[in-house]
Amino acid sequence: MANTKELRHRIKSVKTTQQMTKAMKMVAAAKLRRAQDNITNLRPYAVKLNEIMGNLAANVGGEIDSPYASTQAPEKVLLVVITSNRGLCGAFNTNVNKEALRVIKEHYTAQEAAGNLEILAVGKKAYDFFSKRNYKVVEDKNHDVFANLSFESVNEVGSMVMEGYVAGRWNRVDLIFNEFVNVMSQERTHEQFLPIAATPPAEGDTGSTSDYIFEPSMAEILEDLIPKSLRTQFFKAVLETNAGEQGARMVAMDNATTNAEDLLKELKLAYNQARQAAITTEILEIVAGAEALASAS
């Protein structure tokens, strides 16, 4: 058993750690509120934009004449893996990286073997994970959009991806990220970003093929709408990750604070036991000494 001095140092250390985890939980909670507001405000816009694009695609016969649409086989693939820059958020980043490895194993083994698979790391944790495993990381750097999270900063990365697709650098782009469900839960998500595909209207859905008069033409509107929809989709994935990160960190720091409290109880009990044992030993030594003096006299 540790002595009382060691136990006092451990108790002090755990209390300091507990204060830090409490502070980090409060900071994460404040950031989560803003991040949650951002994603909940964007979702209706993104959904409606996709509905309009689906409506137009259905009215032009489901065939989209756009440089962002293609039917060729995915020979050159880009995986956009979106994680956070910082840790202390449980398995949040690990889950995304594992999902990316699963997608590579199940869908893009041939492209990886041929050297036609690249990773775009949005977030330091994804960059560190894949660069250490010798994957081809785009531009060999971390695209940090979380330090100054805005549509403009995210759009720079999204536009680079879209330009690379149009130029033929990739003919398939997938997004992998954590979708924010609630404070306690994030859902690993893998979705196709490019090429876009026309979503056929649901059976019996007559609203998507309504006879509207379009000015300018449907094809022109669709041509202008597709880049906006893609940029919004990319921005939404980053906002989902940002909200999920703050929720995961708040939960992780809350659990750490609770565990620190439990550990403090155990350490205080051990300290009291050690202190009581030391006092008992001292009393026994005093009694034994007094008896020895009495017998000597």
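Here is a chat about the predicted model shown above.

Q: What elements does the chain have, and how do they run from the N terminus on?
A: The model is predicted, and its chain has 6 helices and 4 strands. They run α-β-α-α-β-α-α-β-β-α.

Q: How much of the chain is buried?
A: Of its 297 residues, 40% count as buried. The accessible surface comes to about 16900 Å², with 52% of that belonging to carbon and sulfur atoms.

Q: And what share of the contacts with a separation of 6 or more comes from residues 24 or more positions apart?
A: Those account for 78%.

Q: OK, the sheet. What's the strand order?
A: The sheet is open, with 4 strands in the order β2-β1-β3-β4 and mixed pairing. β2 (117-122) and β4 (185-194) stand at the edges with a single partner strand each, so one side of each has no neighbour in the sheet. On average, neighbouring strands are turned by 25° against each other, direction ignored.

Q: Which helix packs on that sheet?
A: That's α6, which touches β1, β3 and β4. The direction of α6 makes about 40° with that of β3.

Q: Back to pairing: parallel or antiparallel for β1 and β3?
A: Parallel, over 5 bridges, between β1 (residues 77-82) and β3 (residues 172-182). In that part of the sheet, leucine 79 stands opposite aspartate 174 of β3.

Q: Then how do β3 and β4 pair?
A: β3 and β4 are antiparallel, over 9 bridges. A hairpin joins the two through 2 residues. Valine 173 has leucine 194 in β4 as its bridge partner.

Q: Aspartate 174 came up. What does its side chain meet?
A: The side chain of aspartate 174 meets that of arginine 172 in a salt bridge, 2.7 Å from N to O. Both aspartate 174 and arginine 172 are buried.

Q: How many salt bridges are there in the structure?
A: It holds 11. One of them links glutamate 240 and lysine 236, with the closest N and O atoms 3.2 Å apart. These two are 4 residues apart in helix α6 (residues 218-296), which means that about one helical turn separates them. Salt bridges that share partners join Arg43, Lys236 and Glu240 into one network.

Q: Are glutamate 240 and lysine 236 buried or exposed?
A: Glutamate 240 is buried, and lysine 236 is buried too.

Q: What about glutamate 106, which residue does it form a salt bridge with?
A: Arginine 102, and the closest N and O atoms are 2.6 Å apart. Glutamate 106 and arginine 102 are 4 residues apart in helix α2 (residues 92-107), so about one helical turn lies between them. Glutamate 106 is exposed, at a relative accessible area of 51%. Arginine 102 counts as partly exposed at 30%.

Q: Changing topic: which residues make the nonpolar surface patch?
A: Ile279, Ile283 and Val287 make a patch of about 240 Å². Valine 287 is in helix α6, and it is partly exposed, with a relative accessible area of 41%.

Q: Glutamine 111: buried or exposed, and what does it touch?
A: Glutamine 111 is in helix α3 (residues 109-113) and is buried, with a relative accessible area of 11%. Not counting residues up to four places away in sequence, glutamine 111 touches Pro74, Glu75, Val77, Asn116 and Leu117.

Q: Last one, the backbone. Which residues other than glycine have a positive phi?
A: Leucine 88 is one of them, with a phi of about 55°. Leucine 88 is found in the loop between β1 and α2 and counts as exposed at 53% relative accessibility. Asparagine 134 also has a positive phi, near 65°. Asparagine 134 has its place in the loop between α4 (124-132) and α5 (151-166), and at 72% relative accessibility it counts as exposed.

Q: Why point those out?
A: Because most residues other than glycine have a negative phi.

Technical notes:
Residues are numbered from 1 along each chain as its sequence is written. This is a predicted model: local features need pLDDT of at least 70, side-chain atom pairs count only at pLDDT 80 or more; totals for chains, interfaces and linings use all residues. Side-chain values use heavy atoms; hydrogens and water are left out. Buried means under 20% relative accessible area, exposed over 50%, partly exposed in between (1.4 Å probe, protein chains only). Contact means heavy atoms within 4.5 Å. Accessible areas come from the Shrake-Rupley method with a 1.4 Å probe; for residues, only the protein chains shown count as cover. A salt bridge is a side-chain nitrogen of Lys or Arg within 4 Å of a carboxyl oxygen of Asp or Glu. Patches are made of residues with over 30% relative accessible area and no salt bridge: like charges are joined within 9 Å, nonpolar side chains (Val, Leu, Ile, Met, Phe, Trp, Tyr) within 5 Å. Two strands pair if DSSP finds at least two bridges between them. Axes are lines fitted to C-alpha atoms, for helices over the stretch in contact, and angles run from 0 to 180 degrees between N-to-C directions.
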